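Let's take a walk through this structure, starting with a few strands and then stepping back to the domains.

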Amino acid sequence: MSTTLITNIGELTTNVEQGGDPCGTLRDAAVLIADGRVAWVGRAADAPSAARVAQAHAGARDSPESGASVRVSTVGAEQMTTVDAAGRAVIPGFVDSHTHLVFGGDRADEFEARMSGTPYAAGGIRRTVAATRAASDDELRARLAGFVAEMAAQGTTTFEVKTGYGLTVADEERAARIAAEVTDEVTFLGAHVVPAEHADDRETYVDLVCGEMLDAVAPHAKWIDVFCERGAFTADESRRVLEAGAARGLGLRVHGNQLGHGEGVTLAVAAGAASVDHCTYLDDADVAALAASDTVATLLPGVEFSTRQPYPDARRLIDAGVTVALASDCNPGSSFTSSMPLMVALAVREMGMTPAEAVWASTAGGARALRRDDVGVIAPGARADLVLLDAPTRVHLAYRPGVPLVHTVWRGGEIL
Ligand code: NIG
Ligand code: FE
């Protein structure tokens, strides 16, 4: 059994709610990691010693609520690594619940034109579809590996990856298969846009997505997603796609209300989707429906930052009781960044979120959006995904935007 004690943590964000603090903040804390899981969390002064670790691990996993209570017994020569956090902050690893990382080419020219006033349009997706189809498996794999490494360096320990730049049976199957090599959270997004070759027979394309394409992709995927938006798929088409995915046992996600008001949120809530993502243009009924549902509103501020569109109103959602997540939406069109620290900074500085809310939304919120309870939290039994910040508090993620504050990242107890 390999064990690590991280001690002398100045501020620990556990995300285990405590006394009205959703972040479950502890000061002068320590975390014990054993066999890839969090084994114990508590005050540094109470941390188990090397000689007590093996039993502490077993005891804490048996009673996950009993954060600081450790059954102690003496065990012989247990090996334990001790990390002195020197008063720095530790947060759970970021959970990026929305990315599009299997693609070829880029669209820097489109970005440049946008910065001269050309508005963002979903039609650009077709350019990436062409470049993705032209790429070899190994090119896509190498590109994806690069993104995985850059995410790890920025503290992301769980991430979702969508297909959606293949849009043929073979290209979507390939994207899902390659994505499944790096994450369990693979999403089938055959309904991203109608590809050019089906521009005049979109119904045939929706049939393909709901039939042969779904059959080919489903074995690699956990989720199905649809871009329900003017210029992409109508509400009726989107509903068909979600129903077909649900019938195959996939969980549901929706891209909605990004470019204008629409039916995405209503559809997602009615279908019981885990998350509806973007949520930039919402009316009061959308907010009320979200608040009364289990559907997470995932906000993607990298998109507004990169497209110069108005940011979603996070304050309105949180004040209404909606569960909010933050994700990068990393993709070559609307948000070519994988940086969760940047999402936190944007959410705080541009969207009215407090630093605590933004850190929660980018960790526990992402986990909720993926319906996971083993990540996004630092509690006994959870996967040991932690980020040691080179800063005394999590506030610094927003206070010092653009500065690399990620000091050390553990995923499953291993340093990345
Ligand atoms: O989430 N909105 C739809 N899909 C992506 C953009 C994809 C692209 O522009 O290539 C998004 O923003
Ligand atoms: Fe997206």
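Helices (H or I, at least four residues) and strands (E, at least two) are themselves DSSP runs, numbered from the N terminus. You're looking at a predicted model, where local features need pLDDT of at least 70, side-chain atom pairs count only at pLDDT 80 or more, and totals for chains, interfaces and linings use all residues. Residues are numbered from 1 along each chain as its sequence is written, while chains are lettered from A and ligands numbered from 1 in the order in which they are written.

Start at strand β2, residues 25–34. Eight of its ten residues are buried, meaning that 20 or more other C-beta atoms, placed from the backbone, lie within 10 Å of the residue's own. On one hand, β2 pairs with strand β1 (residues 3–13), antiparallel over eight bridges; there, T3 sits opposite A34. β2 also runs antiparallel to strand β3 (residues 37–43), joined by six bridges, and I33 has V38 as its bridge partner. Two residues separate β2 and β3 in a hairpin, and D35 in that turn has a positive phi of about 50°.

Now zoom out. The protein splits into domain 1 (3–92 + 377–415) and domain 2 (94–369), with bounds from an automatic or database domain assignment. Their C-alpha centres are 32 Å apart. Where they meet, 18 residues of domain 1 are in contact with 19 of domain 2 (C-beta atoms, placed from the backbone, within 7 Å). On the domain 1 side, β5 (89–92), α14 (396–399) and β15 (406–411) each supply at least two residues, and β15 gives the most, with three.

Technical notes
Buried ≥ 20, exposed ≤ 12 C-beta atoms within 10 Å, placed from the backbone. Pairing = 2+ DSSP bridges. Contact = placed C-beta atoms within 7 Å.
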